[in-house]
Amino acid sequence: MEKIDNYVPRSLEDYNRLYNESITNPESFWEKIASTFTWKKKWKNVLSFDFKKPEFKWFEGGKLNISENCLDRHLIDKPNQTAILFEPNDPNEKHQEISYKELHQRVCRFSNVLKKNNIEKGDRVCLYMPMVPELAIAVLACSRIGAVHSVVFAGFSSTALAARINDADCKMLVTADGSFRGSKTIDLKSIADEALASCPSVEVSIVLKRINSNIELNDIDKWWHDEISLASNECEATGIDSEDPLFILYTSGSTGKPKGMVHSCGGYMVYSEYSFKNVFQYNKGDVYWCTADIGWITGHSYIVYGPLLSGATTVMFEGVPSFPDFGRFWEICEKHSITHFYTAPTAIRALAKHPKSFVSKYDLNSLKVLGTVGEPINEEAWNWYNEVVGKKSCPIVDTWWQTETGGIMISSIAGVTDQKPTFATKPMIGIQPVLLDNDGQEISDSNTNGILAIKYPWPSIARTIYGDRERYKKVYFTAYPGYYFPGDGAFRDDDENYRITGRVDDVVIVSGHNLGTAPIEDAINLHENVVESALVGFPHDVKGNALYAFVILKDDSKTENINTEINDLISKTIGPIAKPDKVQIVPGLPKTRSGKIMRRILRKIACGEKNNFGDISTLLNPEIVELIVKGY
Ligand code: PRX
């Protein structure tokens, strides 16, 4: 059998050669990569696609199991190698090293628990859990039996959780009695109970004991430890069609409810391992740590699937970078001799505000590769990361991608292709980005800004929005026909390096979290004294962007607790991550004659601009701009 490593570039020359091959002959290229995996049945057709429909099918006719590829495949040559290295929130609690052999057994056991509780292929299972190994185990157990996992980040509120459970019609919820987060203990179970009160599709809930609480279980609850104690260590991996769904993961849209992006088994498997190996250049014996949460796509692709498919040692961290102090990340790097460290620019900016001694106290000589994800990284943060953490001797990969793309799309390849601060740089092998002008024409010039689009399918493109194919078509394939439209703008330099300039829609990236403004405005509008609100992003030195809410009240005299009340409503309906940094009560909002809020003006005001608003003559109420500026 071919080895995937034969296709992983080790030099610039390799990258150029493989990239050219991947775009001149994509089907034969991806067929070779796919052949390096274990398939229960070979595919009939490598790729069929139609951007108009839109429809993308990879390795159709093939049958596989991604958990078999993550686990069973490695039992032959590395049964005792650590698969998951778990570092708990509390530094005094012992860390865990789970070998491939043990992980295989634990996944099999939980797969049997799922089966015993009537979960079948195609059923949706919601996972609302802390960052503990059992979360990865539950993910892999679902995929082992062909159930579709929907992981909901454990910072979301009960309303947000219920909305996601109901949207996907989940049959089961897996949760925990609580979670540890820094110095806080979070009562996950109560949040889950509140959600379940309005989730009729959930028949059973498995509850992991994490905080040793004395909670009483409800009728539909079963303890994780009781269930697995009866389960066998063996569970054969079910053969799943390549195009069958693997998971649903929700992401915010600029309007409406969150979008349940659906990823399918075959293409996602092929791309997550290949991109992981390429970008990070992981080698045997390396210890790779991505600090994200499995509740986001980064955790799916680059904590669980990519690394485990690659037979890597992947670290899972339960806690936060500031607990017990701002040296925690570096303490863990030293303790486990971390070689690859992948985090968000927000975390870097937050840590860079504290004395360098939090970093220099620890021996970071094991580090070989640093990575960032989730938002643009500014030069200052990049320099701090490079100098203080990487001691100028670790390549930094700035990886641009999305929940929808399933894997990294634009990034340098560690030590292989050139890096350039603040630039994601070059497309991954097999990825064909272009810049478009407003009319949807491809821009061939360099040193220009444009709308970023992708002109050819790649294996891990999300196949649909769960239950809403029309919305999938509208959001990603309608504005620029013939392309996938990610919603980002980009700049391309003379050397064909891409720099992501930010969202071109009403999504704001706050601390690396993708937040649609419309659902937050809906939450604010729930307040009985609010008539209307408009939310925009503005630059923030730690979070990248923060939110600024402009709010019109029914009764201007009742403003006493308005900020707290608005924040409470947002925390309750979405989660604390969506709270605005600033709330300004305004007499009106700038609107076009067709009634559309001119957010461009609000964005400028939020940035402190007082005069230069460009042409405001098309506004229905131009006088409002001055009034808002005065109240700033
Ligand atoms: O705007 C881009 C930004 O994050 C968006 C995707 O968010 P999400 O689906 O939550 O996935 C985040 C983790 C992959 C993108 O549309 N983004 C992501 N990575 C970068 C980035 N912006 C600039 N540079 C990046 N490296």
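Asn 89 counts as buried, because its relative accessibility is 3%; buried here means under 20% relative accessible area, with exposed over 50% and partly exposed in between, using a 1.4 Å probe and protein chains only. This is a predicted model, where local features need pLDDT of at least 70 and side-chain atom pairs count only at pLDDT 80 or more, while totals for chains, interfaces and linings use all residues. Residues are numbered from 1 along each chain as its sequence is written, and side-chain values use heavy atoms, leaving out hydrogens and water.

Where does Asn 89 sit? It is in the loop between strand E5 (82-87) and strand E6 (96-99); strands are DSSP runs of E, at least two residues, and helices are runs of H or I, at least four, numbered from the N terminus.

Now its surroundings. A polar atom of the Asn 89 side chain lies 2.8 Å from the backbone nitrogen of Gly 182. Setting aside neighbours within four places in sequence, Asn 89 has contacts, meaning heavy atoms within 4.5 Å, with residues including Phe 180, Arg 181, Gly 182, Glu 318 and Arg 328.

On to the whole protein chain. There are 19 helices and 31 strands. The radius of gyration, taken over C-alpha atoms, is 24 Å, close to the 26 Å from the globule rule for 632 residues, so the protein chain is as compact as a globular protein of that length. That rule is 2.2 Å times the number of residues to the power 0.38. Buried residues account for 60% of the 632. Of the contacts between residues at least 6 apart in sequence, 71% join residues at least 24 apart.

Terms used:
A polar contact is a pair of N or O atoms within 3.5 Å; within protein, one must be able to donate a hydrogen and the other to accept it, and residues adjacent in sequence count only if both atoms are side-chain atoms.
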